[in-house]
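Please have the sequence and the 3D view open as you read.

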Amino acid sequence: PIKHKTNTMKTTHMTKSIMTLAGLALCTASLHGAAVVYEGFNNTSGGAEAAQGFGPAGTGLDGNWNANFGGTGFIRVDNETMVTGNIATDGNGEYSANNFGGGFEMTNTSAALTGSGLLNDGGTLWMSYLYQGQGFSAGGWGGIAIGDGVLDTSANGMFMGTGTQAVGVQTQTGNGFQAANWLGATQSATNKGATASLSGTQLMVAKFEWGAAFANETITLYTADLNTGALSAALSTVSIADVNQAAFNTISIATRDTNAPSIFVDEFRLGASASDVVVLVPEPSSAALLGLGGLALLRRRRK
């Protein structure tokens, strides 16, 4: 009886251990990638869709996307995806701009972001997106911004409308990337960090640290490894004067170049932490662990 009792205790302890590990894995999976805003540009139509009015929009967005070109020959949402390593994707679609000369922008708004608390003074907001570009000419500019207005590409360079502002990532000639702040009708970014020259597909990650009331904000730009999700050392950092980030509700993706470049953007995320916006495909071992936990639970119920 004593031996039987000991084995029973060991079995129960093992079952509880497996269930605990499985529960931890489940918690990790449920917490990982909890982005407030997510856009995978999911396109299952079988062909390119016009970016103007593209939808349904991803989570945390207020509706379909607006764009300043409606033709699929200019800016569009393809039913393809980039090489993404272990970065989680929705499986279909990417935003692309090619075969055009001049400028474009694609925009959406997010009440979910403004109500999330991630724009409060003293808080932190993280952003990520997959990017692949084929370069710009000497007059080429690009950017992804969060602000209270829209990036304007109607003239050479890139600027905001009068009385508006935004923060984000600016892309310049030669595929350089900078942490950036746009203010008012100033061409290009008012404040920007050092240029980081990158090639190939990149997961760009930006961290926005909002200072206390009337204090400076800090923008830091990284890349994340496509296989491990590990962040690089800071590529570009800029400290900017206090902005009214609580009013930021608009997301802009914009490019201007007279020599028809091709760019691709996918898997856009905004969240509270790096793990919210750098999301990897679950490892098979985690799935197996969950399976073991389920078997252990079933075995316990049958006793």
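How much space lies in the largest cavity? About 70 Å³.

## About the model

This is a predicted model, in which local features need pLDDT of at least 70 and side-chain atom pairs count only at pLDDT 80 or more, while totals for chains, interfaces and linings use all residues. Residues are numbered from 1 along each chain as its sequence is written, and side-chain values use heavy atoms, with hydrogens and water left out.

## The largest cavity

The structure holds two cavities of 30 Å³ or more. A cavity here is a set of points, on a 1 Å grid over the protein atoms alone, where a 1.4 Å probe fits but cannot get out; lining residues have an atom within 4 Å of a point. Grid points are joined across faces, edges and corners, and a volume is the space filled by probe spheres set on the points.

The largest cavity is lined by 12 residues, and the closest to its centre are Tyr131, Gly143, Thr171, Ala254 and Ile263. Two or more lining residues come from each of β7 (124-133), β8 (141-147), β18 (250-257) and β19 (263-271). Strands (E, at least two residues) and helices (H or I, at least four) are DSSP runs, numbered from the N terminus.

By type, the lining has eight nonpolar residues, four polar and no charged. Ala, Val, Leu, Ile, Met, Phe, Trp, Tyr, Cys and Pro count as nonpolar, Asp, Glu, Lys and Arg as charged, and the others, Gly among them, as polar.

Nine of the nine residues of β19 are buried, meaning under 20% relative accessible area with a 1.4 Å probe, protein chains only. Strands pair if DSSP finds at least two bridges between them.

β7 runs antiparallel to β19 over seven bridges, and Ser128 has Arg269 as its bridge partner in β19. Tyr38 also stands opposite Arg269; three bridges join its strand, β1 (residues 37-39), to β19 in the antiparallel sense. β5 (residues 94-97) is another antiparallel partner of β19, over three bridges, with Ala97 paired to Ile263.

Why is strand β11 (residues 165-172) largely enclosed by the rest of the structure? Because eight of its eight residues are buried.

β11 pairs antiparallel with β8 over seven bridges, where Gly142 stands opposite Thr171. With β12 (residues 176-183), β11 makes eight antiparallel bridges, and Gln172 faces Gly176 there.

## The whole chain

The protein chain has four helices and 19 strands. Of its 303 residues, 46% count as buried.

Note on methods. On a 1 Å grid over the protein atoms alone, a cavity is a set of points where a 1.4 Å probe fits but cannot get out, and a pocket is an open set with protein on both sides within 12 Å along at least five of seven lines; lining residues have an atom within 4 Å of a point. Buried means under 20% relative accessible area, exposed over 50%, partly exposed in between (1.4 Å probe, protein chains only).
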